[in-house]
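Visitor: I would like to learn how to read a protein model. Please take me through some features, one at a time.

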Amino acid sequence: MGHPTIYPTGVTVYDPEKCWNGLTIFQAQEVGAVLMDMNGREVNVWKGVLGMPNKIFPGGYLMTSRGRRDGKFSVQDGIDVVQVDWEGKVVWKFDQNEFIEDPGYEGRWIARYHHDFQREGNPVGYYAPGMEPKTDSGNTLVLAHRNARNSAISDKQLLDDLILEVNWEGEIVWEWNCHEHFEEFGFREGPKNTLARNPNYRPTKPEGMGDWMHINSMSVLGPNKWYDAGDQRFHPDNIIVDGREANITFIIDKKSGKVVWKLGPDYDSTPELKAIGWIIGQHHCHMIPAGLPGAGNILIFDNGGWGGYDVPNPGSPTGVKAALRDYSRVLEIDPVAMKIVWQYTPSEAGFLFPMDSNRFYSPFISGMQRLPNGNTLITEGSDGRVFEVTPDHKIVWEFISPYWGKHVPMNMTYRAYRVPYEWVPQVKKPAETPIKPLDVFSFRVPGAAALGDRAKEVTVDGCVPYGGSNALCVASVDDDDKK
Amino acid sequence: MSELKYPDDRRYHAEHLWAKQAADGSWVIGITDFAQDQLGEVIFIDLPEAGAHFKQGISCAEIESAKVVSPAIVPLSGAVVEVNAALNDTPELVNSDPYGQGWLIRIKADDPNEATITAAQYKAQVEA
Amino acid sequence: MSITLYTAPNCLRCKIVKEFLAKRGQGYTAYDFKEDKDIFNNYYRANRSSIYRNPEGVEFPIFDDGNVIKQGTGEILAYLLSGRVLESCVTRSELLHGWISGLNVSACPAGQEENFSTLIRVLAKGGLTVQLRSDGRRSDLLKTILDEGTVSRMVLDIVAPSRLYPTVAGGPIDLEDLNRSISLTRSHADHLIRIVVSAYAGEGGAMTRITPAEAGEAAQMVLDACGNRMLPVFVEAAQNAGLEPLEGQALLPYRSKVRNVLVKAEIRKPEAH
């Protein structure tokens, strides 16, 4: 199902009574970081930054990055991670991961950061009661890159994921290298063979590299009920990440560096995993922080699309990006029972399954944030759609990014966050004006005929009444035995 | 190489020591044929003092060959009542007669029912 | 005084000592620890506290002239060449399997240059693979030795910032001397430059370590000497029995301070050895 050519952008739905009202920060494609109110008024725009993601910290600070290394030589290497104030002044910076001398560029320090960072004080980088990220001290976890070679994985150069803990002076004090834990991920032999031949190879210069795991989120567990009950796997300092290319989400023990909990890379080995179903190309897997509804559960944006290494099959002749699905799911999973406890999928969105499922679909980027009133702010990233749903799946706020890029002609938005008003003292609490959903049946653009503008109608004898259909060319939910 | 032997008239510990009860009820402890073979010619043994107490799984002595220094892990918890003084001058007895004259120490066991393994189990382990 | 050697079968290190003694016409008695095991075992038990073991067992040959017991080919030859004078620059080799180390050109006492060079030559000609070490001092002697082509691997260790060199290394360091040592080291096909987190007896005699800031100062000294901030260096800790081991993540603060100056600084992973 494609998108219509003409549709409104900006805020399209807003019910102030049902929303957790605040400011929303997102990356406007090829513009910068935009902080806007519930009606879409932009209260501050930090131009030129490239936050992947942007995060707002108490005091009106923006955590972001100032750009990316030339793609000829790298894949998604952010040059730095910076904390800038309300006026755009850099108050904290990290870039000393690697000193890089790319052809045609002056040698410089580059963070090689990508996809995520977390500041001490808050585990996930969004509002949770009593857990404010520090803004004038504290360590920062940075997800970064480092090239590696590991013949157990592949004979190709690897673009390995690296987690760095950096102190306030910008100095690395702790490191975790993904490739060193290859054996702990539990890949089967078929996927290993595919991975060895093609570790998601990217033709960079002077030598290509395999972005083999592609971790795209990294956060701390923080205090949680599982650890309080004695489960050491969920130590508050432990780090949860997910690897998009391998369809795997896992928790790293901070002390030993070992993988102590994982979901994937396969979803057919236990009844629990079968019930969850294949999670494909997922993003932004994190534990809901203490103090928020659902605390201790793990939120996953299960993109679908294409992901994972497996044996060759009709959907993937080489076995790379082997699992396929044309819709997305937001899953809230109990990590001990390994059960889905809440979800937002095309079914909850009201789309007929599976014919219309791809109307909730972002095959890349995306994420979600649990809000204090139990709502969930979902970023359906590929089409620039950010929306807030209630626990019973009603959309109470929706925004479509009006920012299409020139270099990347999409209005994609990586990951949006809702920020409490108190975190931005520079902004007077804005007006909260309700926006009723347009009646799309009657809404017309100028020049179009009005609904029901009908010159004539006739009746044909012998027609039987309309009914449901179990024959929309594909199997439908109506075929389900249970119904 | 002649075949290594594991007599089944005594008890064994996975860390290559044996224990055999003496007539007075105390337990004689030594290293296995496999262990002496691995060590090579023993040139010195650092034995404990009588009266010292060791828990099962703890080292009671250091056995040195020109190649390696190896701890001797006691198979039963207990207090040392006697050490094999002959080993001071002729440590090679451990090689030539590991189950007889090459014994290391004699102990009074805290609990003779402490878990150990049989000759057959030990043999299966080292030949795996 | 009569010399006794205790040797192992097919031991290259033993052969080098025997040939050296023979060439100088010095008589000796040799016992093989296997063939003459009764003699060796008795000797071992009587002198056990003076005999050291490397990770693979007793270090052979053992040399005993009734006066001192020496082990390790380098140390025995140094003793034969000049008594105890070379002890500062010829120490225990931590390398096995045909390699020999523990040879520090920078600590060679004045007047001993010829003996030190001879020592390196004898070890290399005898069939051992020589790793030579410098702490940046004595580039003159380093050049003489490297020119002979007998060194297989060259290690340059920056052991302290300039102001601590007399305490840690035993003598002051001169920037030009250091610069020449860096150039000579880099011109060797197999070389390694390390910023060493040294352990040393500090004020009051207690063992202490170079701090991350001091490692940064040492890196600055290297930069001042050679002017090349891209110089590939490795940060490595010298372990000391009296101090907590310094390894893994604990080395990162040192790397950070060194990288502020020498941007390519890395921590050497064990498998890279």
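Visitor: Which residue stands opposite Arg385(A) in β30(A)?

Guide: Ile400(A) in β30(A) stands opposite Arg385(A). Before going on, some ground rules. This is a predicted model, where local features need pLDDT of at least 70, side-chain atom pairs count only at pLDDT 80 or more, and totals for chains, interfaces and linings use all residues. Residues are numbered from 1 along each chain as its sequence is written, chains are lettered from A and ligands numbered from 1 in the order in which they are written, and side-chain values use heavy atoms, leaving out hydrogens and water.

Visitor: How many bridges join β29(A) to strand β30 of chain A?

Guide: First, the terms. Strands (E, at least two residues) and helices (H or I, at least four) are DSSP runs, numbered from the N terminus. Two strands pair if DSSP finds at least two bridges between them. Here, 5 bridges join β29(A) to β30(A), residues 395–400, and the two run antiparallel. They form a hairpin with 5 residues between them. In that turn, His393(A) has a positive phi of about 75°.

Visitor: What lies on the other pairing, between β28 of chain A and β29(A)?

Guide: Strand β28(A), residues 376–380, also pairs with β29(A) in the antiparallel sense, over 5 bridges. Glu380(A) stands opposite Arg385(A). This hairpin has 4 residues between its strands, and Gly384(A) in the turn has a positive phi of about 65°.

Visitor: At what angle do helix α7 and helix α8 of chain C pack?

Guide: Two packed helices are described by the angle between their axes and the distance between the axes. Axes are lines fitted to C-alpha atoms, for helices over the stretch in contact, and angles run from 0 to 180 degrees between N-to-C directions. Helix α7(C), residues 175–186, and helix α8(C), residues 212–226, pack at about 80°, with their axes 8 Å apart. That makes α7(C) roughly perpendicular to α8(C) (65 to 115 degrees; under 35 is roughly parallel, over 145 roughly antiparallel, and the rest oblique).

Visitor: Which residues in α7(C) meet α8(C)?

Guide: Contact means heavy atoms within 4.5 Å. Leu175(C), Leu178(C), Asn179(C) and Ile182(C) in α7(C) meet residues of α8(C), including Met221(C) and Val222(C).

Visitor: Where does a backbone stand out?

Guide: Most residues other than glycine have a negative phi, and most peptide bonds are trans. Met338(A) has a positive phi, near 55°. Met338(A) is in the loop between β25 and β26 of chain A, and is buried at a relative accessible area of 18%. Ser366(A) also has a positive phi, of about 90°. Ser366(A) is buried, at 1% relative accessibility.

Visitor: Which peptide bond of Pro61(C) is cis?

Guide: The bond from Phe60(C) to Pro61(C) is cis, with omega near 0°. Pro61(C) is in the loop between β4 and β5 of chain C. In chain A, the bond from Phe353(A) to Pro354(A) is cis, with omega near -5°.

Methods
Buried means under 20% relative accessible area, exposed over 50%, partly exposed in between (1.4 Å probe, protein chains only).
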